[in-house]
Amino acid sequence: MEICIINSPLGYIKIIGDADGISSIIILNTDLPAEAEGEKITDVIPECLQDCAYQLNEYFEGSRKQFDLKLNPEGTAFQKKVWDALSTIPYGKTVSYLELSKTIGDVKAIRAVANANGKNPLWIVIPCHRVIGSDGSLTGYAGGLHRKKWLLDHENPYKQQLLF
């Protein structure tokens, strides 16, 4: 497995993958680059991770709304089913956990769906941040609710304008 660390408006992102695809994209909860996570910092991004780093940068710049990457996440069959359903949520849209449960065909699986959502190893690319509470509230997010809010605001086609 190859590893690289890139900087983003939300902090440092660790990308892990190989020729079989990207297996993990996680936000590091540190203000320091990889040293705080025990990783060696390098300016060279491994070839198998370059496209992912490039597409994430485009996303943060606002020029990418959909990712085109070879993905290889590890998870159970149920988790992968939920992650596949997450991947169908369009940019700038949100769904509730109940709606997501209906999408996978089991309305009673809300808690299991929420659990699988929380174990999503491909932050942003599989858009778990687009799932909200049935009442429209922001609910748990592995990267922190402040990051979830930032991501949803970033994707919102209707930007708040200054009133004065």
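The legends below describe close-up views of a predicted model.

**View 1. Helix α2 and its buried face.**
Helix α2 spans residues 77–86, and its buried residues are Gln79, Val82, Trp83, Ala85 and Leu86. Down the helix axis these buried residues fall within an arc of 160 degrees, so they line one face of α2. Ala77 and Asp84, on the other side of α2, are exposed. The cover over the buried residues of α2 includes α3 (97–103), α4 (110–118) and β5 (131–132).

Cys128 sits in the loop between α4 and β5. UniProt, in an unreviewed entry, places the feature "active site" at Cys128. The relative accessibility of Cys128 is 6%, so this residue counts as buried, the cut-off being under 20%. With residues up to four places away in sequence not counted, Cys128 touches Leu86, Asn117, Asn120 and Tyr141. One of these contacts, Leu86, is also among the buried residues of α2 shown in View 1.

**View 2. The largest nonpolar core.**
The largest nonpolar core holds 38 residues, of which Ile13, Ile15, Ile25, Leu56, Leu86 and Trp123 touch the most other members. Two or more residues come from each of β1 (2–8), β2 (11–18), β3 (21–27), α1 (47–61), α2, α3 and α4. Helix α1 gives the most to this core, with six residues. Domain 1 (2–61) and domain 2 (77–155) each supply at least three residues to this core. In soluble globular proteins, nonpolar side chains tend to be buried together.

**View 3. Contacts of Ile25 in the core.**
Ile25 is one of the residues that touch the most other members of the largest nonpolar core. Leaving aside neighbours within four places in sequence, Ile25 is in contact with Ile13, Lys14, Ile15, Cys52, Leu56, Pro121, Leu122, Trp123 and Val125. Among these contacts, Ile13, Ile15, Leu56 and Trp123 are likewise listed with the core residues that touch the most other members.

With 15% relative accessibility, Glu58 counts as buried, since the cut-off is under 20%. Glu58 touches Ser63 and Arg64, with residues up to four places away in sequence not counted.

Note on methods: Residues are numbered from 1 along each chain as its sequence is written. This is a predicted model: local features need pLDDT of at least 70, side-chain atom pairs count only at pLDDT 80 or more; totals for chains, interfaces and linings use all residues. Side-chain values use heavy atoms; hydrogens and water are left out. Buried means under 20% relative accessible area, exposed over 50%, partly exposed in between (1.4 Å probe, protein chains only). Helices (H or I, at least four residues) and strands (E, at least two) are DSSP runs, numbered from the N terminus. The arc is that of the directions from the helix axis to the C-beta atoms. Contact means heavy atoms within 4.5 Å. UniProt positions are given in the numbering used here, feature names are shortened, and annotations may be inferred rather than shown by experiment. A nonpolar core is a set of buried Ala, Val, Leu, Ile, Met, Phe, Trp, Tyr and Cys residues joined through side-chain atoms within 4.5 Å. Domain bounds come from an automatic or database domain assignment.
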